[in-house]
Amino acid sequence: MTAQSTLTPQRDGAPEPSGGSVRPRRAHRGQARTAALYLTPAGIVLVSVMAYPLYQLVQLSLYEYGQAQASGGAPLEFLGLGNYTQLLGDPRFWMVLLNTCGFAAVCVAGSLAVGITLAVLASRVRQLPRALLFLAALGAWATPAVAGSTVWLFLFDQDFGLVNEVLTGIGLTGMEGFSWTYDRFVAFALVAGEVIWCSFPFVMVTMYAGIKAIPEEMVEAASLDGASTWRTARSVLLPMLRPLLVIATIQSIIWDFKIFTQIYVMTDGGGVAGQNLVLNVYAYQEAFAGSNYGLGSAIGVVMTALLLLITVIYLRVQRGTGENA
Amino acid sequence: MTTATRTAPTTGRRRKQLFRRPGRTLAEITTVLVAAVVAFPLYWMLLTAFKPRGQIQSTDPRPWTLSPTLENFRRVFTVNDFGRYFLNSLLVAGVVVVVSLVVSFLAAVALTRFRFRGRTVLLVMILTAQMVPVEALTIPLFFLMRSVGEVAPWFGLNHLGSLVLVHLAFSLPFAIWMLRGFVAAVPAELEEAATLDGASRFRFTWQVLFPLVAPGLVAMSVLSFIHAWNDFLFAKTFIISATENQTLPLAVLVFFKPTGNDWGAIMAGSTLMTIPVLVFFVLVQRHLVSGIAGAVKE
């Protein structure tokens, strides 16, 4: 199997261009049948475990659906947009929404900044330091979210954490016994640190591959023409890296907007009095701790809609600047 | 703008190279330092897992230990049945990888090597499916699994089958999208040659195409494995009362206690949870990087 995979396809392919591009009609129908057969397993899974639940999510959000309804003890009560008006009228929802957007923005910006900087750095050093960096980054990337969260929590532990000890050691005596999860913003910063730590490697690896794919002569030609490093980066490298950058950004937005594990584990389910709730944790708590499945579903719908909106806007803006440049 | 301000480009370049030397050394030192910082949490986790209790619950933590011990690991395996949870996690992730490998490969072949009506629509749907925040589906999926459990208990709530189902579904869109690029890269002439040699389409698919897209399959498998292995939300939601069917992420959290966290056990558990993924990742990193870059360039 591995031996075959190293074969160069070109060598094996018979030189017969345009041979099979025009096929008789019957072959076409046969193709459609085989294709349908090949697509069936994926289709069944995706429709039943993704499309149908998505439909159900919207459906549930329109009903009063609590403990009584879930156990079949009470009839369903159609609320229409009732759950949504309740949600939009709740100051807590707006706080959670603000939390989510701010937190995601910091995480996305952080992972992009760190990832791109390190990709550029990695492209300028010899193999050994680069291999070390990649190994460390792969380690952070591979660490399960729960494991990463627990380690960061321990490093920043109030009593036994290394960070507080080091900070106290260098003279910041105020840091002795400092709780990193008590204040709202400090707690968010701590979680953001963990999230950036485990998500910048994706950006780094992607951007590094992109930088490597740029022919060296191009950069050389630019510098021969007298372009400064900054000018080369902006006018030569950036346009070539733009498609990858778009993908890395969208991927990061999608990931960071729906963070659950890190917030749940590190702030113990949403922080002191729910100060660190984000939409995902909020929906979970409403549904499974508060038995408000209908309201929880409405939060889920809002989150899905927002995520799609952000992605579309981002793509629009990107395409716009791409045309102007 | 590009006027010849530099009269002697060759000397300019030589000077630049001369200056680049110390610059590169600085860059390399920075790189190694950054690598150390990035790797540090992992080192700290490993170290704590092997530290005796007295050195962990200490207000004066040291970045080394002279008396490594296995007592944390022993506690993890005896107090909490970690061996079982480890196997549970392995089972879920393993089944997800094998099934999604076959299913997404078939779908990718259908979407790239065949022409039929509605193909573009399907492609767009798969692309959109990747954007669906699956975490938002927790609530309907909870009720879906509850009803499934009435018909097929193995795939219902409190059973590992429910986790397999959801992770399979969540890994498919990206896997199909990723493999599509790899399948498309195999030239059509190859298929014609195989057909001329008398190979059926089935044989071509499994004996020629499948091995040729191996790098994509490896990258895809790693990503779906990690996805299923790391999951916390669905394990927490679906496995409510059957503690024997828990997976690793939940088992670790047992050692967080209001009376004081057992950091030694938490770190030992986290280490056990991290090592398989880490080994897997490092072993296939070459394939992974090229695989992701290949998919991303699409």
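Biologist: Leaving aside its neighbours within four places in sequence, which residues is B:Trp44 in contact with?

Modeller: A note before we start: this is a predicted model, in which local features need pLDDT of at least 70 and side-chain atom pairs count only at pLDDT 80 or more, while totals for chains, interfaces and linings use all residues. Residues are numbered from 1 along each chain as its sequence is written, chains are lettered from A and ligands numbered from 1 in the order in which they are written. Two residues are in contact if their C-beta atoms, placed from the backbone, lie within 7 Å. With neighbours within four places in sequence set aside, the contacts of B:Trp44 are A:Val151, A:Leu155 and A:Leu162.

Biologist: Does B:Trp44 count as buried, partly exposed or exposed?

Modeller: B:Trp44 is found in helix α1 of chain B, where helices (H or I, at least four residues) and strands (E, at least two) are DSSP runs numbered from the N terminus. A residue is buried if 20 or more other C-beta atoms, placed from the backbone, lie within 10 Å of its own, exposed if 12 or fewer, and partly exposed in between. B:Trp44 has 19 C-beta neighbours inside 10 Å, so it counts as partly exposed.

Biologist: What separates the C-alpha atoms of B:Trp44 and B:Gly23?

Modeller: Along the chain, B:Trp44 and B:Gly23 are 21 residues apart. The separation of their C-alpha atoms is 31 Å.

Biologist: Which element gives the largest share of the side of chain B that touches chain A?

Modeller: On this interface, 88 residues of chain B are in contact with 85 residues of chain A. The chain B side divides into 64 nonpolar, 15 polar and nine charged residues; here Ala, Val, Leu, Ile, Met, Phe, Trp, Tyr, Cys and Pro count as nonpolar, Asp, Glu, Lys and Arg as charged, and the others, Gly among them, as polar. The largest share, 16 residues, comes from α1(B).

Biologist: And within chain B, which element gives the most to the side of domain 1 that touches domain 2?

Modeller: An automatic or database domain assignment gives chain B domain 1 (1-69) and domain 2 (81-297). Seven residues of domain 1 of chain B are in contact with six of domain 2 of chain B, and the elements giving two or more residues to the domain 1 side are α1 (9-50) and α2 (53-56) of chain B. By class, that side has four nonpolar, one polar and two charged residues. The most, four residues, comes from α1(B).

Biologist: How many helices does chain B have?

Modeller: Of the 298 residues in chain B, buried ones make up 45%. Among chain B contacts between residues at least 6 apart in sequence, 74% join residues at least 24 apart. There are zero strands in chain B, and the number of helices is 14.

Biologist: How are α5(B) and α7(B) oriented to each other, and what is the handedness of their crossing?

Modeller: The axes, lines fitted to C-alpha atoms over the stretch in contact, with angles from 0 to 180 degrees between N-to-C directions, come within 8 Å for α5 (residues 119-129) and α7 (residues 160-185) of chain B and cross at roughly 125°. B:Ile126, B:Leu127 and B:Ala129 of α5(B) meet B:Pro173, B:Ile176 and B:Trp177 of α7(B), giving six nonpolar, no polar and no charged residues. Angles under 35 degrees count as roughly parallel, over 145 as roughly antiparallel, 65 to 115 as roughly perpendicular and the rest as oblique. The two helices are therefore oblique to each other, and their crossing is left-handed.

Biologist: Which way does α10(B) run relative to α13(B)?

Modeller: Helix α10 (residues 214-230) and helix α13 (residues 263-283) of chain B pack at about 170°, with their axes 11 Å apart. B:Val222, B:Phe225, B:Ile226 and B:Trp229 of α10(B) touch B:Val277, B:Phe280 and B:Phe281 of α13(B), a set of seven nonpolar, no polar and no charged residues. Relative to α13(B), α10(B) is roughly antiparallel.

Biologist: Over in chain A, what is the phi of A:Asp268?

Modeller: A:Asp268 lies in the loop between α13 (261-266) and α14 (279-289) of chain A, and is partly exposed, with 15 other C-beta atoms within 10 Å. Most residues other than glycine have a negative phi. For A:Asp268 phi is positive, near 55°.

Conventions: Left-handed = near helix turned anticlockwise from the far one by under 90°.
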